[in-house]
Amino acid sequence: MSYLKLGIIGQPLTHSLSPLLHAQLMHLLNLEGEYRKYELPSEAVAASLREFFQQGLRGLNVTIPHKVTVMSQMDSLSLEAQLAGAVNTIIFEPDGTLRGHNTDIAGFIRSLPSAVVDRLPESDLLILGAGGSARAVMTGLIEAETASITFAVRDPMKAISLTSDGEVIKQTYGSKTQIRLISLDSLPSLETFQGLVNTTPVGMWPNEAQSPLSPIQLETLPAGAFVYDLIYRPLETQLMQAARSLSLDAFNGLDMLLYQGVCAFECWQDQEVPQSLIEPLRAQLHQALKQVAP
Ligand code: NAP
């Protein structure tokens with residue numbers, strides 16, 4: 001079996017959990033290989049990609065700040081990468097071409113409990129924030145035929161392109177998802193929403209004391225609603241704590257992180273990761289986060 005060469009490009013990469021995740025995957029699958037961190041400034045990316053191919057790399061993950069700029073270096077883009085407007089996974093094809101893909105979309109959807117996914121066609125969801133991850137979340141929710149998505153943002157003018165891109169994504173999937181945009185300042189009572197997804201970094205380490213919504217606002221969510229925070233550092237944010245104290249289901253971003261990595265690995269290896277490996281991988285990530293999180 002050939003030695004598998006993988007890695008991640010970004011800057012900085014100090015806190016990335018991807019090397020741990022992929023090393024564990026290779027170990028569990030009995031594969032010989034390596035997953036290296038390549039901290040690169042933007043101007044070095046194009047030349048480095050050519051070198052990586054010559055060195056026999058099979059694939060790369062891409063993180064901040066290269067997810068959008070690297071798109072122009074790709075020979076082809078998957079539908080997901082086109083719709084998300086970002087590449088987080090590069091596949092070095094045997095013919096020397098580079099294929100850009102995005103696994104944040106599938107990573108988010110695979111991370112949702114099946115009971116939540118089953119209800120999406122009847123669910124009105126609130127998304128806080130309108131950045132890169134909000135776009136991936138929106139794409140997944142449109143593909144899953146969610147009834148409606150309302151984005152609540154600081155500056156609605158800045159987020160208009162996201163909603164117009166949402167219309168294109170709806171056409172692509174033939175979905176009828178309603179998309180709305182409102183200002184965070186004018187957020188109404190949340191009683192009409194069956195779920196809430198936080199895609200802002202508010203509440204993330206080292207600002208764990210912050211929350212994008214107050215407990216009083218959260219109290220207006222109906223019984224049975226879920227709260228999903230994309231943050232995984234800390235493992236339980238203030239937002240999640242407030243939701244749990246109201247007996248609402250609350251999820252962190254650990255499973256999205258896990259599944260976007262699993263999806264990337266499946267692309268590079270062209271084979272499914274067995275379900276039996278998911279729990280050991282989750283436990284490993286959880287352990288690593290507990291060690292660094294306060
Ligand atoms: P991004 O592209 O920078 O977008 C952040 C969004 O949050 C923007 O809409 C921004 O609004 C908004 N925002 C920032 N600070 C805010 C504040 N104080 N109040 C209200 N809104 C605020 O970032 P991203 O890549 O989407 O990442 C966002 C979060 O998701 C991060 O915590 C990241 O770690 C997490 N994430 C997790 C995963 C996972 O696998 N679990 C994957 C991707 C991202 P403005 O445009 O007005 O600044």
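Where is the place of Leu289? I found Leu289 in helix α11 (residues 278-292); helices (H or I, at least four residues) and strands (E, at least two) are DSSP runs, numbered from the N terminus.

A note on the source: this is a predicted model, where local features need pLDDT of at least 70 and side-chain atom pairs count only at pLDDT 80 or more, while totals for chains, interfaces and linings use all residues. Residues are numbered from 1 along each chain as its sequence is written, and side-chain values use heavy atoms, leaving out hydrogens and water.

Next I checked whether Leu289 is buried (under 20% relative accessible area; exposed is over 50%, partly exposed in between; 1.4 Å probe, protein chains only). Leu289 has 0% relative accessibility, so it counts as buried. Leaving aside residues up to four places away in sequence, I listed its contacts as Leu17, Tyr232, Arg233, Leu235 and Leu254, a contact being heavy atoms within 4.5 Å. Arg233 is 56 residues from Leu289 in sequence, yet their C-alpha atoms are 7.0 Å apart.

Then I turned to strand β8 (residues 148-153). Six of its six residues are buried, so β8 is largely enclosed by the rest of the structure. In a regular strand the side chains alternate between the two faces of the sheet. Here Ser148, Thr150 and Ala152 point one way, and Ile149, Phe151 and Val153 the other.

Which strands run parallel to β8? I noted β7 (residues 124-128), joined to β8 by five bridges, and β9 (residues 178-183), joined by six; strands pair if DSSP finds at least two bridges between them. Leu125 stands opposite Ile149, and Phe151 opposite Leu181.
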